[in-house]
Amino acid sequence: MPPRLTIYAFVPTDSPLTGVSSPPGLVNSLTALLANERYNLTLGSSSSELLANIEAQKEKIDCLLVVFHPSLQPTFNQLYEGGILLPVVIIVADKNITAETNDSPTCLYHSAELQITVKELDSITSVIDQAIARFLHLAPNCSFSERTTIVNQPNPVANNHSFLLLQQRRLAEKLKERLGYLGVYYKRNPQLFYRNLAPEEKKELLREVRADYREIILNYFLQDYPINQAIDELVNNVFFTDLSVSQILEIHIELMDEFSQQLKLEGRSEEILLDYRLALIDILAHLGEMYRRSIPREDIPYDLLLGID
(Lines give C-alpha, C1' and ligand atoms only; values in the text may rest on other atoms or scores of the structure.)
Protein backbone atom coordinates (compact mmCIF):
# COMPACT_ATOMS: atom_id res chain seq x y z
CA MET A 1 0.00 0.00 0.00
CA PRO A 2 1.38 3.50 -0.88
CA PRO A 3 2.50 5.53 2.17
CA ARG A 4 -0.05 7.91 3.65
CA LEU A 5 0.53 11.58 4.32
CA THR A 6 0.63 12.32 8.04
CA ILE A 7 -1.44 15.39 8.96
CA TYR A 8 -1.35 17.02 12.40
CA ALA A 9 -4.48 19.15 12.95
CA PHE A 10 -4.64 21.76 15.72
CA VAL A 11 -8.24 22.72 16.67
CA PRO A 12 -8.22 24.70 19.95
CA THR A 13 -11.20 24.33 22.26
CA ASP A 14 -11.34 28.15 22.57
CA SER A 15 -11.23 28.78 18.82
CA PRO A 16 -11.66 32.50 18.01
CA LEU A 17 -13.51 31.65 14.78
CA THR A 18 -16.81 32.91 16.15
CA GLY A 19 -19.83 32.85 13.92
CA VAL A 20 -18.56 29.91 11.89
CA SER A 21 -18.00 26.36 13.06
CA SER A 22 -17.60 25.26 16.65
CA PRO A 23 -14.41 23.30 17.55
CA PRO A 24 -16.32 19.99 17.70
CA GLY A 25 -17.87 20.79 14.34
CA LEU A 26 -14.45 21.52 12.84
CA VAL A 27 -13.03 18.29 14.23
CA ASN A 28 -15.91 16.30 12.76
CA SER A 29 -15.56 18.04 9.40
CA LEU A 30 -11.81 17.49 9.19
CA THR A 31 -12.12 13.88 10.29
CA ALA A 32 -14.74 13.21 7.60
CA LEU A 33 -12.80 15.03 4.87
CA LEU A 34 -9.46 13.38 5.65
CA ALA A 35 -10.71 9.90 6.60
CA ASN A 36 -9.44 8.03 3.56
CA GLU A 37 -6.48 5.99 2.42
CA ARG A 38 -4.38 9.07 1.65
CA TYR A 39 -4.01 10.43 5.18
CA ASN A 40 -3.16 9.62 8.77
CA LEU A 41 -4.82 12.33 10.87
CA THR A 42 -3.72 13.31 14.39
CA LEU A 43 -5.72 15.91 16.36
CA GLY A 44 -4.59 18.31 19.09
CA SER A 45 -6.39 21.05 21.00
CA SER A 46 -3.84 23.04 23.06
CA SER A 47 -0.79 25.06 22.04
CA SER A 48 1.46 23.14 24.46
CA GLU A 49 0.22 19.88 22.97
CA LEU A 50 0.83 21.26 19.48
CA LEU A 51 4.44 22.18 20.24
CA ALA A 52 5.24 18.96 22.08
CA ASN A 53 3.74 16.76 19.38
CA ILE A 54 5.47 18.55 16.52
CA GLU A 55 8.84 18.39 18.26
CA ALA A 56 8.36 14.67 18.95
CA GLN A 57 7.10 13.82 15.45
CA LYS A 58 8.81 16.47 13.32
CA GLU A 59 10.32 13.86 10.98
CA LYS A 60 6.98 12.10 10.48
CA ILE A 61 4.52 14.98 10.07
CA ASP A 62 3.97 15.84 6.41
CA CYS A 63 1.68 18.86 6.86
CA LEU A 64 0.29 20.97 9.70
CA LEU A 65 -3.37 21.96 9.62
CA VAL A 66 -4.05 24.62 12.24
CA VAL A 67 -7.02 26.79 13.20
CA PHE A 68 -5.94 30.42 13.62
CA HIS A 69 -5.44 31.24 17.30
CA PRO A 70 -3.46 33.93 19.21
CA SER A 71 -1.19 31.21 20.63
CA LEU A 72 0.02 30.23 17.14
CA GLN A 73 2.56 33.05 16.77
CA PRO A 74 4.68 32.19 19.84
CA THR A 75 4.38 28.49 19.00
CA PHE A 76 5.55 29.08 15.43
CA ASN A 77 8.35 31.29 16.76
CA GLN A 78 9.61 28.43 18.94
CA LEU A 79 9.45 25.98 16.06
CA TYR A 80 11.24 28.44 13.78
CA GLU A 81 13.97 29.13 16.33
CA GLY A 82 14.39 25.38 16.81
CA GLY A 83 14.92 24.92 13.08
CA ILE A 84 11.64 23.00 12.59
CA LEU A 85 9.92 23.88 9.32
CA LEU A 86 6.91 22.02 7.92
CA PRO A 87 4.19 22.58 5.31
CA VAL A 88 1.25 24.36 6.92
CA VAL A 89 -2.38 25.28 6.14
CA ILE A 90 -4.00 27.85 8.44
CA ILE A 91 -7.79 27.79 8.82
CA VAL A 92 -9.18 31.33 9.25
CA ALA A 93 -12.58 33.03 9.42
CA ASP A 94 -11.68 35.34 6.52
CA LYS A 95 -8.69 35.44 4.19
CA ASN A 96 -5.74 37.55 5.39
CA ILE A 97 -7.06 37.57 8.94
CA THR A 98 -3.46 37.49 10.12
CA ALA A 99 -2.74 40.84 8.45
CA GLU A 100 -5.43 42.92 10.16
CA THR A 101 -2.95 45.10 12.02
CA ASN A 102 0.07 46.95 10.75
CA ASP A 103 2.41 45.21 13.21
CA SER A 104 1.39 41.71 12.12
CA PRO A 105 4.14 39.70 10.44
CA THR A 106 3.74 39.08 6.71
CA CYS A 107 3.50 35.38 7.53
CA LEU A 108 3.07 33.49 10.78
CA TYR A 109 5.51 30.65 10.12
CA HIS A 110 7.21 30.82 6.72
CA SER A 111 6.55 32.18 3.22
CA ALA A 112 5.06 28.91 1.90
CA GLU A 113 2.13 28.79 4.32
CA LEU A 114 -1.43 28.80 2.95
CA GLN A 115 -4.73 30.06 4.37
CA ILE A 116 -8.19 28.56 3.90
CA THR A 117 -11.54 29.71 5.32
CA VAL A 118 -13.93 27.40 7.11
CA LYS A 119 -16.37 27.80 4.24
CA GLU A 120 -13.72 26.41 1.88
CA LEU A 121 -12.98 23.27 3.91
CA ASP A 122 -14.42 21.04 1.20
CA SER A 123 -11.28 21.78 -0.83
CA ILE A 124 -8.89 21.00 2.05
CA THR A 125 -7.24 18.04 0.30
CA SER A 126 -6.20 20.11 -2.72
CA VAL A 127 -4.98 22.93 -0.43
CA ILE A 128 -2.83 20.44 1.50
CA ASP A 129 -1.30 19.33 -1.82
CA GLN A 130 -0.62 22.98 -2.72
CA ALA A 131 0.97 23.64 0.69
CA ILE A 132 3.32 20.69 0.24
CA ALA A 133 4.19 21.80 -3.30
CA ARG A 134 5.01 25.32 -2.06
CA PHE A 135 7.08 23.88 0.78
CA LEU A 136 9.13 21.83 -1.70
CA HIS A 137 10.03 25.13 -3.39
CA LEU A 138 11.42 26.75 -0.24
CA ALA A 139 15.15 27.35 -0.69
CA PRO A 140 17.78 28.34 1.92
CA ASN A 141 18.16 32.06 2.72
CA CYS A 142 15.50 33.19 0.22
CA SER A 143 12.73 31.19 1.89
CA PHE A 144 12.23 33.21 5.02
CA SER A 145 12.62 36.78 3.77
CA GLU A 146 8.93 37.56 4.20
CA ARG A 147 8.97 36.59 7.86
CA THR A 148 9.32 39.82 9.84
CA THR A 149 8.97 38.52 13.40
CA ILE A 150 12.16 39.11 15.38
CA VAL A 151 13.49 36.02 17.10
CA ASN A 152 16.07 35.67 19.84
CA GLN A 153 18.68 33.51 18.15
CA PRO A 154 21.56 35.40 16.43
CA ASN A 155 20.98 33.55 13.14
CA PRO A 156 17.91 31.29 13.25
CA VAL A 157 17.78 30.96 9.45
CA ALA A 158 21.08 29.09 9.37
CA ASN A 159 19.73 26.54 11.83
CA ASN A 160 16.70 25.91 9.62
CA HIS A 161 18.61 24.97 6.46
CA SER A 162 19.56 21.44 7.36
CA PHE A 163 16.12 20.36 8.61
CA LEU A 164 14.39 22.09 5.70
CA LEU A 165 16.47 20.24 3.11
CA LEU A 166 16.09 16.87 4.80
CA GLN A 167 12.34 17.41 5.22
CA GLN A 168 12.00 18.34 1.55
CA ARG A 169 13.89 15.21 0.53
CA ARG A 170 11.76 13.01 2.83
CA LEU A 171 8.53 14.48 1.48
CA ALA A 172 9.72 14.14 -2.10
CA GLU A 173 10.54 10.47 -1.53
CA LYS A 174 7.12 9.87 0.01
CA LEU A 175 5.43 11.56 -2.94
CA LYS A 176 7.52 9.49 -5.30
CA GLU A 177 6.31 6.29 -3.63
CA ARG A 178 2.69 7.41 -3.32
CA LEU A 179 2.13 9.25 -6.58
CA GLY A 180 4.88 7.94 -8.82
CA TYR A 181 6.80 11.22 -9.05
CA LEU A 182 10.17 10.45 -10.59
CA GLY A 183 11.90 13.55 -9.37
CA VAL A 184 11.50 16.97 -7.77
CA TYR A 185 12.79 20.33 -8.88
CA TYR A 186 14.97 21.99 -6.26
CA LYS A 187 15.36 25.73 -6.65
CA ARG A 188 18.79 27.12 -5.91
CA ASN A 189 19.71 30.69 -5.11
CA PRO A 190 22.67 31.82 -7.29
CA GLN A 191 23.64 34.32 -4.60
CA LEU A 192 24.65 31.35 -2.44
CA PHE A 193 26.86 29.80 -5.12
CA TYR A 194 30.52 29.49 -4.19
CA ARG A 195 31.65 31.53 -7.19
CA ASN A 196 29.42 34.45 -6.13
CA LEU A 197 30.53 34.60 -2.49
CA ALA A 198 32.90 37.15 -1.00
CA PRO A 199 36.49 35.91 -0.41
CA GLU A 200 35.96 35.47 3.33
CA GLU A 201 32.68 33.62 2.76
CA LYS A 202 34.43 31.29 0.32
CA LYS A 203 37.08 30.46 2.91
CA GLU A 204 34.42 29.82 5.56
CA LEU A 205 32.39 27.58 3.25
CA LEU A 206 35.44 25.48 2.30
CA ARG A 207 36.44 25.24 5.96
CA GLU A 208 32.95 24.03 6.87
CA VAL A 209 32.79 21.49 4.02
CA ARG A 210 36.27 20.21 4.82
CA ALA A 211 35.36 19.78 8.51
CA ASP A 212 32.17 17.88 7.60
CA TYR A 213 34.06 15.71 5.11
CA ARG A 214 36.74 14.93 7.69
CA GLU A 215 34.04 13.91 10.20
CA ILE A 216 32.50 11.55 7.64
CA ILE A 217 35.88 9.96 6.85
CA LEU A 218 36.74 9.43 10.52
CA ASN A 219 33.37 7.80 11.27
CA TYR A 220 32.56 6.14 7.96
CA PHE A 221 33.04 2.55 9.14
CA LEU A 222 31.49 2.97 12.60
CA GLN A 223 28.26 1.00 12.89
CA ASP A 224 26.48 3.34 15.31
CA TYR A 225 27.31 6.57 13.48
CA PRO A 226 24.45 8.17 11.43
CA ILE A 227 26.60 8.23 8.31
CA ASN A 228 23.78 8.64 5.79
CA GLN A 229 22.47 11.71 7.59
CA ALA A 230 25.97 13.20 7.71
CA ILE A 231 26.46 12.57 3.98
CA ASP A 232 23.02 14.05 3.20
CA GLU A 233 23.86 17.24 5.09
CA LEU A 234 27.23 17.57 3.35
CA VAL A 235 25.73 16.91 -0.09
CA ASN A 236 22.90 19.40 0.51
CA ASN A 237 25.48 22.06 1.37
CA VAL A 238 27.60 21.24 -1.69
CA PHE A 239 24.57 21.18 -3.99
CA PHE A 240 23.04 24.48 -2.91
CA THR A 241 26.39 26.29 -2.96
CA ASP A 242 27.27 24.77 -6.36
CA LEU A 243 30.68 23.49 -5.28
CA SER A 244 32.37 21.52 -8.06
CA VAL A 245 33.26 17.83 -7.93
CA SER A 246 36.92 18.81 -8.41
CA GLN A 247 36.76 20.78 -5.14
CA ILE A 248 35.41 17.71 -3.35
CA LEU A 249 38.19 15.59 -4.84
CA GLU A 250 40.75 18.16 -3.75
CA ILE A 251 39.44 18.05 -0.17
CA HIS A 252 39.57 14.24 -0.22
CA ILE A 253 43.16 14.20 -1.51
CA GLU A 254 44.27 16.77 1.06
CA LEU A 255 42.76 14.72 3.89
CA MET A 256 44.31 11.49 2.61
CA ASP A 257 47.73 13.22 2.46
CA GLU A 258 47.24 14.45 6.01
CA PHE A 259 46.28 10.98 7.27
CA SER A 260 49.15 9.43 5.31
CA GLN A 261 51.68 11.64 7.07
CA GLN A 262 50.18 10.73 10.42
CA LEU A 263 50.33 6.99 9.65
CA LYS A 264 53.97 7.29 8.60
CA LEU A 265 54.82 9.01 11.86
CA GLU A 266 53.12 6.15 13.70
CA GLY A 267 54.92 3.55 11.60
CA ARG A 268 51.68 2.14 10.21
CA SER A 269 50.73 1.08 6.69
CA GLU A 270 48.97 3.54 4.41
CA GLU A 271 46.96 0.82 2.67
CA ILE A 272 44.02 1.40 5.01
CA LEU A 273 43.47 4.75 3.28
CA LEU A 274 42.44 2.96 0.10
CA ASP A 275 39.27 1.85 1.88
CA TYR A 276 38.18 5.47 2.15
CA ARG A 277 37.68 5.62 -1.59
CA LEU A 278 34.33 4.04 -0.72
CA ALA A 279 33.41 7.15 1.25
CA LEU A 280 34.32 9.36 -1.71
CA ILE A 281 32.25 7.20 -4.08
CA ASP A 282 29.32 7.27 -1.62
CA ILE A 283 29.39 11.07 -1.37
CA LEU A 284 29.69 11.58 -5.13
CA ALA A 285 26.85 9.10 -5.69
CA HIS A 286 24.61 11.09 -3.32
CA LEU A 287 25.60 14.32 -5.06
CA GLY A 288 24.93 12.81 -8.48
CA GLU A 289 21.46 11.76 -7.32
CA MET A 290 20.74 15.32 -6.14
CA TYR A 291 21.64 16.66 -9.58
CA ARG A 292 19.65 13.93 -11.32
CA ARG A 293 16.57 14.83 -9.30
CA SER A 294 17.08 18.55 -9.94
CA ILE A 295 16.31 18.07 -13.64
CA PRO A 296 12.57 18.51 -14.30
CA ARG A 297 10.89 15.64 -16.11
CA GLU A 298 7.92 15.90 -18.43
CA ASP A 299 5.76 13.64 -16.29
CA ILE A 300 6.02 15.75 -13.11
CA PRO A 301 2.94 17.91 -12.35
CA TYR A 302 3.44 21.48 -13.48
CA ASP A 303 2.81 23.04 -10.07
CA LEU A 304 5.77 21.15 -8.60
CA LEU A 305 8.08 22.57 -11.26
CA LEU A 306 7.00 26.20 -11.01
CA GLY A 307 6.10 28.41 -8.07
CA ILE A 308 2.45 28.66 -7.09
CA ASP A 309 1.07 32.20 -6.93
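Modeller: Contact means that heavy atoms lie within 4.5 Å. With that cut-off, take the contacts in the protein with a separation of 6 or more: residues 24 or more positions apart account for 78% of them. The model is a predicted one. The protein has 10 helices and five strands. Of its 309 residues, 48% are buried.

Now the close look, at α6 against α8. Helix α6 covers residues 199-219 and helix α8 covers residues 245-265. Their axes come within 10 Å and cross at roughly 55°. The two helices are therefore oblique to each other. The crossing of α6 past α8 is right-handed. From α6, the contact uses Leu206, Val209, Arg210, Tyr213, Arg214, Ile217 and Leu218. From α8 it uses Gln247, Ile248, Ile251, His252, Glu254, Leu255, Met256, Glu258 and Phe259. By class, the residues of this contact are 10 nonpolar, two polar and four charged. An α-helix has 3.6 residues a turn, so residues three or four places apart point the same way.

Asn219 lies in helix α6. Its relative accessibility is 12%, and buried means under 20%, so Asn219 counts as buried. The side chain of Asn219 reaches back to the backbone oxygen of Glu215, at 2.7 Å. Beyond its neighbours within four places in sequence, Asn219 is in contact with Tyr225 and Ile227. Ile227 belongs to α7, which spans 227-240. Between α7 and α8 runs a loop, and Asp242 has its place there. Asp242 is not a glycine, yet its phi is positive, near 60°.

His286 touches Arg169, Asn228, Ile231, Asp232 and Val235, leaving out residues up to four places away in sequence. Val235 shows how far along the chain such a pairing can reach. His286 and Val235 are 51 residues apart in sequence, but 6.8 Å apart in space from C-alpha to C-alpha.

Helix α2 spans residues 47-57, and its axis comes within 10 Å of the α3 axis. Here the crossing angle is roughly 20°. Angles under 35 degrees count as roughly parallel, so α2 is roughly parallel to α3. This crossing, too, is right-handed. Ser47, Leu50, Leu51, Ile54 and Glu55 in α2 meet Leu72, Thr75, Gln78 and Leu79 in α3. The classes in that contact are five nonpolar, three polar and one charged.

Helix α3 itself, residues 72-81, is mostly covered, with eight of its 10 residues buried. They are Leu72, Gln73, Thr75, Phe76, Asn77, Leu79, Tyr80 and Glu81. Among these buried residues, Leu72, Thr75 and Leu79 also meet α2. After α3 comes Gly83, with a positive phi near 75°.

Methods: Residues numbered from 1 in each chain as written. Predicted model: local features only at pLDDT ≥ 70, side-chain atom pairs only at ≥ 80, totals over all residues. Heavy atoms only, no water. Axes fitted to C-alpha atoms, helices over the stretch in contact; angles between N-to-C directions. Helix = DSSP H or I, 4+ residues; strand = E, 2+ residues; numbered from the N terminus. Parallel < 35°, antiparallel > 145°, perpendicular 65-115°, else oblique. Left-handed = near helix turned anticlockwise from the far one by under 90°. Nonpolar A, V, L, I, M, F, W, Y, C, P; charged D, E, K, R; others polar. Buried < 20%, exposed > 50% of the residue type's maximum accessible area, 1.4 Å probe, protein only. Polar contact = N/O pair within 3.5 Å; in protein donor to acceptor, adjacent residues only side chain to side chain.
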